[in-house]
Amino acid sequence: MLNIVLFGPPGAGKGTQSEKLIQKYGLTHLSTGDLFRKHLGEGTELGKLARTYMDQGHLVPDEVVIGMVEDKIANSKDSKGFIFDGFPRTTAQAEALGAMLSKNGMRISGMIALEVPHDVLRERIKERGKTSNRVDDQDEEKINTRIKVYLDETLPVAKYYENQGKFKNVNGVGEIEEIFNEISSVIDSY
Ligand code: ADP
């Protein structure tokens, strides 16, 4: 079973690569951002709560995210494995994920980090904001907040997996297909 954490700052291309990876490897895509946006669209209580954080570019509290992921894993019993996209975003989330998986006899195969310079990220996010309807993509200050939150709270998660010998970097700038091939060769080495 393959369980991959696709890692990288906002705008790194995790969503784009996840779509291709789930096709190739038959995995379940678990994007916490997408799950929150689904709740938001459906107007659930969870969605309303998450919105107050997301629209500002802040992280949704760990216990809320962890509960939602736990539900999704429990409801995907027949899955061949997962691509975790946008999760774990804090060390506490990484620890909770490890515990959740081992309870079900699973483990993380590895983390793959997409590396993209910050000025490229800003441009990509602003470009996406023209069509994405995402409030957090349309405002310079919110984009800066998200990059700062990434550096302060999320980057330590890379260290967490590096310490376990499960970390690999991939250049996230270039042709989508080229990046995809690089990620695939890392996965094929697991
Ligand atoms: P991006 O990576 O482009 O910022 P995402 O769709 O992954 O976009 O996340 C959008 C927002 O959803 C985040 O800024 C945050 O508010 C919330 N969010 C998503 N995943 C998590 C998570 N694992 N922990 C806390 N908040 C999250």
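Helix H2 (residues 32–42) gives the largest share of the shell around the ligand, four residues. Helices here are DSSP runs of H or I with at least four residues, strands are runs of E with at least two, and both are numbered from the N terminus. In this predicted model, local features need pLDDT of at least 70 and side-chain atom pairs count only at pLDDT 80 or more, while totals for chains, interfaces and linings use all residues. Residues are numbered from 1 along each chain as its sequence is written, and side-chain values use heavy atoms, with hydrogens and water left out.

The ligand is surrounded by 20 residues, where a residue is near a molecule if one of its heavy atoms lies within 4 Å of it. The closest are Thr 32, Arg 37, His 58, Gly 86 and Arg 128. By residue class, the shell holds seven nonpolar, six polar and seven charged members. Ala, Val, Leu, Ile, Met, Phe, Trp, Tyr, Cys and Pro count as nonpolar, Asp, Glu, Lys and Arg as charged, and the others, Gly among them, as polar.

A side-chain N or O atom of Arg 128 is 2.8 Å from an oxygen atom of the ligand. For Gly 86, a backbone N or O atom lies 2.9 Å from a ligand nitrogen atom. Arg 89 places a polar side-chain atom 3.2 Å from an oxygen atom of the ligand. On its own the ligand has 550 Å² of accessible area, and the protein covers 96% of that; the areas come from the Shrake-Rupley method with a 1.4 Å probe.

Pro 88 is in the loop between strand S3 (81–85) and helix H5 (91–103). The peptide bond joining Phe 87 and Pro 88 is cis, with omega about -5°. Another loop, between helix H6 (118–132) and helix H7 (140–162), contains Asn 133. Asn 133 is not a glycine, yet its phi is positive, about 65°.

The protein chain as a whole has eight helices and five strands, in the order β-α-β-α-α-α-β-α-β-α-α-β-α along the sequence. Its C-alpha trace spans about 40 × 40 × 30 Å along the principal axes.

Key
Polar contact = N/O pair within 3.5 Å; in protein donor to acceptor, adjacent residues only side chain to side chain.
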